[in-house]
Amino acid sequence: MSWLRDLLVPPQGSTFAHEVDPLFMFLVGLTGFFFLLIAGLTGWFILRYRRGSRVRRGVAPTHNTALELLWSLIPLALVVVIFFWGVQGYISAAVPPADALEIKVIGKRWLWEFQYPNGLRTVNEMRVPVNKPIKLVMISEDVIHSFYVPGFRIKQDVLPSRYTQLWFEATQPGVHSVLCAEYCGRSHSDMLATIHVVSQEEYQQWLEAGGAVGEGLPLSELGRLVYERYGCDACHSLDGTRLEGPSLRGVFGKPVLLADGQRVIADENYLRESILNPQAKIVAGYQPVMPTFQGLLSEREINALIEFIKEQK
Ligand code: CUA
């Protein structure tokens, strides 16, 4: 049956997958069996008891106690089995081991931010060691999001007013996608992140290097990397298309009309302020919805972004 499983669910990336998948496959098999049974019987009865057929003559039975007991007790037993099987998996998913590594997750429109115990913050990219329980403590800065990692078989709502948690233990190195599974506005489907499962040593090195990426890249190339990785592309197009925020095309050096009627030139200082303190100057016709990137971007990354924006002519 593993070919069918591979067809229906992503590869098993965590310890939960080995608990969740058998129950899932059981449910698929069970519903498939009953679908065929009920659809088959319906078809057969339609033919057998059609108008004018010989078996319709005579008096129809009003009930059959044995049959009624059978079709009540068998489903009852099946539902009880599913309940206890499910509760077992729910409890192991709800209670993280005491020695789990804790990572904070912050959901906001439309990106995922991760905070590590040593103070490192990353956006849309999480790196975790293999074979180590990871506990996620999650909060939202705005609306309800949902942290969903199909490869790990975990999913949990992320609320603005209350911490929720999840945990997992990855069983092999690899890359897994994080999706937002609660509709949270226009760029909901772009609210994506990746989890890189790496060896303990690689994780330690990455943590000590401060999660730095793109060392040695030219500024504008690093800028493109930052633009994509930090989810800027969810709201700011490069081709002039109007999304939640203004397009970056041809913006550098041009006058910008603000919501309060002022006009400013989109120079380096304006762009920098708009990245670190987005509510300071709102472009006319747009909502003040952008989160701040203060503390998330290094000076080098801010320079790189500005350089990248300059090139969008
Ligand atoms: Cu966040 Cu959908």
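The model is a predicted one, in which local features need pLDDT of at least 70 and side-chain atom pairs count only at pLDDT 80 or more, while totals for chains, interfaces and linings use all residues. Residues are numbered from 1 along each chain as its sequence is written, and side-chain values use heavy atoms, with hydrogens and water left out.

The domain assignment gives domain 1 as 2-46 + 64-94, domain 2 as 101-213 and domain 3 as 219-310; such bounds come from an automatic or database domain assignment. Taken over C-alpha atoms, the centres of domain 2 and domain 3 are 25 Å apart. At their interface, 13 residues of domain 2 are in contact with 16 residues of domain 3, contact meaning heavy atoms within 4.5 Å.

Two salt bridges cross the interface of domain 2 and domain 3. The term stands for a side-chain nitrogen of Lys or Arg within 4 Å of a carboxyl oxygen of Asp or Glu. E244 forms a salt bridge with R186, with 3.7 Å between the closest N and O atoms. On the side of domain 2 that touches domain 3, the elements giving two or more residues are β2 (111-115) and β3 (121-123). Strands are DSSP runs (E, at least two residues), numbered from the N terminus. The residues of this side of domain 2 divide into four nonpolar, two polar and seven charged. In this division Ala, Val, Leu, Ile, Met, Phe, Trp, Tyr, Cys and Pro count as nonpolar, Asp, Glu, Lys and Arg as charged, and the others, Gly among them, as polar.

The structure as a whole holds 16 salt bridges. One of them joins R121 and E113, at 3.0 Å from N to O. R121 counts as partly exposed at 30% relative accessibility, whereas E113 is buried at 1%. The cut-offs are under 20% relative accessible area for buried and over 50% for exposed, with partly exposed in between (1.4 Å probe, protein chains only). R121 and E113 also belong to a network of salt bridges with K108 and E141.

R127 and E125 meet in another salt bridge, again with 3.0 Å from N to O. R127 is buried, at 16% relative accessibility, and E125 is buried too, at 6%. K135 pairs with E102, the closest N and O atoms being 3.8 Å apart. This pair links distant parts of the chain, with K135 in strand β5 and E102 in strand β1, 33 residues apart. K135 is partly exposed, at 21%, as is E102, at 30%.

Some loops carry backbone features to note. Most residues other than glycine have a negative phi, and most peptide bonds are trans. The peptide bond from R109 to W110 is cis, with omega near -5 degrees, and W110 lies in the loop between β1 (101-108) and β2. N131, in the loop between β4 (125-129) and β5 (133-140), has a positive phi near 55 degrees. R153 has a positive phi near 60 degrees and sits in the loop between β6 (145-149) and β7 (154-158). R153 is buried, with a relative accessible area of 16%.

Technical notes. Helix = DSSP H or I, 4+ residues; strand = E, 2+ residues; numbered from the N terminus.
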